[in-house]
Amino acid sequence: MSRTVSSWILSSARSSIVLQGKGRWYSICIPNRNKIKWKLVFSKTCPYPAGSCSLDSTFSLPKAFRHTSTEEEHFSFQLSPAQINDILRAGELSHKTLDLNGKNANSVLRFESNQLASNSPMEDRRSAATCLRTAGMMFGVFDGHAGAACAQAVSERLLHYIAVSLMSRQSLEEIELAVEAMKPVRPILQWHRHPNDVEYQEITSQYFENLRVYWQHLLDLDTEPGFSLEEAMICAFKRLDSDISLEVQAPQESELMRNIALQVAFSGATACVAHIDGVHLHVANTGDCRAVLGVREEDGTWSTLPLTRDHNAYDEFEIRRLKREHPRSEEKTLFVNDRLLGILMPSRAFGDVQLKWSKELQHSILENSCDVEALNIYQYVPPNYHTPPYLTAEPEVTYHKLRSKDKFLVIASDGLWEMLSNEKVVKLVGGHLTELNVQKPPLTFKKPVNLGYMHNLLLQRKSKGLASLDQNIATHLIRHAIGSNEYGEVDPEKLAAMLALPEDLARMYRDDITVTVVYFNSETIEDYYRNH
């Protein structure tokens, strides 16, 4: 294998400059080749004391394929094509929407999802669920930072908060009566999960109790018909973030639950959630995950419709919002080096109480906690921290009425968008969709049929590219994101090198990537417009 790619990666990475603090790194080196807009980079060594629990467990690259350090004596970037596919496809998830009769009357035809870790352990999370008490399906992508704890908690809880916000008063009363009588509660959501999508079983009961407090609050409001979908999503985001903040301040049953609450509150996560009900699409976004619609125009070309804005220092609306919320004396210190208070790339996120609480509250909580360094919680108050909160989890909600030409929705963490533009992503998905729909060459047999003739027909099919495609479109996007050359084609050498990067280098060249692609049922959407 040529050493061009691998030698460049090693030499440039080893010359990078990082500033290391207690438990986290801040990168000040941006490799031009990838043009990555660095967020915080956190150290990977996080010891946990006896009786505590690491929350950062999810699937990672098999050790046989991935190096753990650049200092290994026999360092090699060589991976076989089979190993590359095994790594890329390990997190694949797909689901086709069917009713009890095996038909699909849903506007969601199917969805396909995948993840690729860069951080060890991975900090991204994803969720997908069908609403059982209300109409619709929900899909979420969550990008964690300072560990996976917050992203994990939000991925488990947020869709439930949205679903409860949408339920009728009668339904809320039914589940409250069932809980009071200690009877089983019918599920609110049907989850669509990958076997490696982890749950925090240890704290599920507390999460349920706090969800119950929320629906009791909704019952106390005594409003009918309740929230609009936009209001429900905003209220759910804000309430969950408030609960995350309050849980760490309240007494806990055990040291384990206390440690979990601390890690969730002092880490952070951005979130992008789509709710789809018939032709009604709502997308709620907090941070720099992104949702993009793929549109097939009448002339057969593909166009792009962004449904979110990245909440960061590059967005003028966010800059103006923060300036309105803080004194004029702080205008020059709100964003330093394109980061909120010089610390965080996204300007909206769950958790991150270091940028929401007063200095006194932070000191009080951490002073009364166990060894916070062992939990990878870094005690640091940024300069010019005068008028918190500086960070919010309140989402922006976008509504779009689906048309028959709207073919798919891509939701992904910024690890994808740092590598591929909106237009490139839509073009790749559209091209993949077209290829999969190509009619296979008919097997017209000439008599007598022999093995040579059959072999030629099979080669003809293969030449059409049908055999070489990733069946899962999310895998196809990840393959292009990390392996594309300057011509937009996948370079096998670059792809192998990027996948074989050791853990202490991988985060310098790519972020965790999570992708979910939702395909729409054009026939169902057309039926809606015929009947309305």
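**Notes on the predicted model**

1. Gly415 sits in helix α10, residues 414-417. Buried means under 20% relative accessible area, and Gly415, at 0%, is therefore buried. Gly415 is also 9.9 Å from Ala117, C-alpha to C-alpha, although 298 residues separate the two in sequence.

2. Strand β18 covers residues 513-520 and is joined to strand β17, residues 406-412, by five bridges. These two strands run antiparallel, and Phe408 stands opposite Tyr519 of β18.

3. Both strands belong to an open sheet of six, with the order β4-β5-β18-β17-β11-β12 and antiparallel pairing. At the edges are β4 (93-96) and β12 (302-306), each of which pairs on one side only. From one strand to the next, the twist averages 15 degrees.

4. Strand β6, residues 124-131, deserves a look of its own. Eight of its eight residues are buried, so β6 is largely enclosed by the rest of the structure. In a regular strand, side chains alternate between the two faces of the sheet. Here Asp124, Arg126, Ala128 and Thr130 point one way, while Arg125, Ser127, Ala129 and Cys131 point the other way; all are buried.

5. Which strands pair with β6? One is β7 (residues 137-145), antiparallel to β6 over seven bridges, with Met138 of β7 as the bridge partner of Ala129. β6 and β7 make a hairpin with five residues between them, and Gly136 in the turn has a positive phi of about 110 degrees. Another is β8 (residues 189-191), which pairs with β6 in the antiparallel sense over three bridges; in β8, Leu189 stands opposite Cys131.

6. Leu189 turns up again in the nonpolar packing. The largest nonpolar core has 58 residues, and Leu189 is listed with Leu158, Ile162, Val164, Phe266 and Phe350 as having the most contacts inside it. Helix α3 gives the largest share of this core, eleven residues. Apart from this core lies another, of 38 residues, and Phe408 is among them, as are Leu79, Val292 and Leu433.

7. Helix α5 (residues 204-221) passes a simple geometry check. At 1.5 Å a residue, its 18 residues should span 26 Å, and the end C-alpha atoms are 26 Å apart, which agrees. Just after the helix, Asp222 takes a positive phi of about 55 degrees.

8. What do the buried residues of α5 pack against? Their partners are α3 (149-166), α4 (169-180), α6 (229-249) and α7 (255-266). The buried residues of α5 include Tyr207, Leu211, Tyr214, Trp215, Leu218 and Leu219, along with Gln206, Asn210 and Arg212.

9. Finally, some totals for the protein chain. It has 16 helices and 18 strands, and 55% of its 532 residues are buried. Of the contacts with a separation of 6 or more, 75% come from residues 24 or more positions apart. The chain exposes about 24,200 Å², with carbon and sulfur atoms supplying 52% of that area.

Definitions and conventions
Residues are numbered from 1 along each chain as its sequence is written. This is a predicted model: local features need pLDDT of at least 70, side-chain atom pairs count only at pLDDT 80 or more; totals for chains, interfaces and linings use all residues. Side-chain values use heavy atoms; hydrogens and water are left out. Helices (H or I, at least four residues) and strands (E, at least two) are DSSP runs, numbered from the N terminus. The expected span of a helix is 1.5 Å times one less than its number of residues. Buried means under 20% relative accessible area, exposed over 50%, partly exposed in between (1.4 Å probe, protein chains only). Contact means heavy atoms within 4.5 Å. A nonpolar core is a set of buried Ala, Val, Leu, Ile, Met, Phe, Trp, Tyr and Cys residues joined through side-chain atoms within 4.5 Å. Two strands pair if DSSP finds at least two bridges between them. Axes are lines fitted to C-alpha atoms, for helices over the stretch in contact, and angles run from 0 to 180 degrees between N-to-C directions. Accessible areas come from the Shrake-Rupley method with a 1.4 Å probe; for residues, only the protein chains shown count as cover.
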